[in-house]
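Please read the numbered points with the model in view.

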Amino acid sequence: MGKKGERGAKDKTAALEEEARLAAKRAEHGEEEYQCTGILEQDFTELCTRAGFQEVPKVVVRPHPHALAVTGWKIEEKMLAVLAKCLPALAHLQGIHLWKVGLTDHTFLSLLAILPTCTTLRTLALEGNPLPERSFYKLLIAEESPTSPAEGQPTVPSTPLSLAHISLRNNDIDDEAALLIGQALSSLKSANKNLVSINLSYNHITDVGAGYIADGLRLNRSLLSLSLAHNQIGDKGALKLAEVLAPFALTHTEVVERRRLLLEKEAQDRCRMPQRVLEVKSDRPASHVSSTAIDKLQPPKTGKGTNKKKEQAKKEEKGQASGGGGLIQAASTAAQTKKEEAKQAKKAVPAPDQKPVRGKGAKSGSKDKRAQVTEVEVFEPTEIMNPLLEQAEHRDGKVFLPGNRVLIYLNLIRNQITEYGLQAFLEAMQQQSCCLTPGTKGPSGLMRLSLAKNKCPMESKILAQIQELMMLRDPLPKGGAKTAEDEQVPVL
């Protein structure tokens, strides 16, 4: 175990011992364990007092949206124990903002274990809290691996996080941390499907780190907003980001995975179709069969009636030839024949009030059949398409995907991009505009691209072309919503 692990284990042990001592003291005085009310100011103050804090730190509750803001005081294990009790009781907690609270890699893992208990939490801002072990990527991982934690480290539950907005400004995030974040956004086998926006501004990301983030955008189809403002990204990083926005060629590994997925999808479709047909046939309603059988049996009934009439006519002729007894017998036979004809007429011609009933029965049979087919299709699980299965174009011996059309906002203010990098973004935006069909549904690509205050003159023709092109794509009116360099949550 390293020195950091030993120090973290000692801090946690000391916090547990202090909590046990206070619990024993409360038990001696007959005090019961505090039950949170869901009112943060009341619960937080009471729990801090019971935990032995001499001075209760100040917390700010923002009503719209309902969020907890903590600024300027250090969060240690004892404070995390307080938060672990009062935060889950907040029924409408949507955001947590922690600015310069002295998080360490150890306390970060403890906080990570608390977050899944806040079921309504959607926004997390950890700003001004650099972590030496670059653990921020764990916020983006959908589910932790089942490996056991190291000794002295808190256990992180396997409950998936459902954070939609993450802000990691001013955290000294470098290229190595960007690599981990890019891999958490998407890889060949998995991708984050919950995150909508991430703010990585005011960090130390260079061209290399921008390339890692771009790799994460290749197969990610949930992220809408990305801020890389105030970093050290130059033309090489700009080329990597622009490449993902336009149609890009798959690597050999991605092509192999695409073929495997296509074969797997084809096999699933082949196995699924016969099963669907069998379910429809086996669940065919009885009313449909009975009505068809009746329709088939009706013509033979009339045929039998005509045959009986012919037989009766022959008997009458024989009766006339044999004398009076034959006439009496013919008369009785005729009477019986009339009765039988009346019965057959009643059976063959239904009463007026029965016609709609049988007609409805036949129609309901066809409706039941259609309803049964619909049920089979509805209960079939819907699959989220893997980006590798998107419609591809084959040219020059390579496979090209359409590019990431889900990302709608990219902020690159105050980097080191020259006109050479701007040209790549101009070409990418032109390709997105050419592929955009008016009136069609689906992702349309970038709607806002912020490139101000880079290493290019303000009178740059390329920059002016980009701004003119983006004005047509931006859904907000001119001057309606200005792009803030210091925004905490990126504008969507």
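1. Asn170 is placed in the loop between strand S5 (165-167) and helix H5 (175-185). Helices (H or I, at least four residues) and strands (E, at least two) are DSSP runs, numbered from the N terminus. The phi of Asn170 is near 55 degrees, a positive value in a residue other than glycine. Asn170 counts as partly exposed because its relative accessibility is 31%; buried means under 20% relative accessible area, exposed over 50%, and partly exposed in between (1.4 Å probe, protein chains only).

2. The model is predicted: local features need pLDDT of at least 70, side-chain atom pairs count only at pLDDT 80 or more, and totals for chains, interfaces and linings use all residues. Residues are numbered from 1 along each chain as its sequence is written, and side-chain values use heavy atoms, with hydrogens and water left out.

3. Lys453 also deserves a look. This residue lies in the loop between S12 and H13 and has a positive phi of about 60 degrees, although it is not a glycine. With a relative accessible area of 44%, Lys453 is partly exposed.

4. The protein has 13 helices and twelve strands. Of its 492 residues, 37% count as buried. Among contacts (heavy atoms within 4.5 Å) between residues at least 6 apart in sequence, 84% join residues at least 24 apart.

5. Where is Gly445 found? Its place is the loop between helix H12 (419-435) and strand S12 (448-450). Gly445 counts as buried because its relative accessibility is 0%. Leaving aside neighbours within four places in sequence, Gly445 is in contact with Arg405, Leu407, Ile408, Gln432 and Arg473. Gly445 and Ala246 are 199 residues apart in sequence, yet their C-alpha atoms are 9.3 Å apart in space.

6. Helix H12 has 17 residues and reaches 24 Å from its first C-alpha to its last, close to the 24 Å expected at 1.5 Å a residue; the expected span is 1.5 Å times one less than the number of residues. Its buried residues are Gly421, Leu422, Ala424, Phe425, Leu426, Ala428, Met429 and Gln432. They pack against helix H7 (235-245), strand S11 (409-411), S12 and helix H13 (461-473). An α-helix has 3.6 residues a turn, so residues three or four places apart point the same way.

7. In H7, the buried residues are Asp235, Gly237, Ala238, Leu241, Ala242, Val244 and Leu245. Their cover includes helix H6 (207-218), strand S8 (248-249) and H12.

8. How many disulfides does a search of the whole structure find? The search finds zero, a disulfide being a pair of cysteine sulfur atoms within 2.5 Å. Cys118 is in no disulfide, and the nearest cysteine sulfur, that of Cys86, is 8.8 Å away. Cys118 counts as buried, with 6% relative accessibility. Cys456 is buried as well, with a relative accessible area of 12%.

9. A search of the whole structure finds two cavities of 30 Å³ or more. On a 1 Å grid over the protein atoms alone, a cavity is a set of points where a 1.4 Å probe fits but cannot get out, and lining residues have an atom within 4 Å of a point. Grid points are joined across faces, edges and corners, and a volume is the space filled by probe spheres set on the points. The second largest cavity holds about 50 Å³ of space. Ten residues line the second largest cavity, and the closest to its centre are Leu139, Leu140, Leu161, Leu163 and Asn192.

Key:
1 Å grid on protein atoms, 1.4 Å probe; cavity = no way out; pocket = protein on both sides within 12 Å on 5 of 7 lines; lining within 4 Å.
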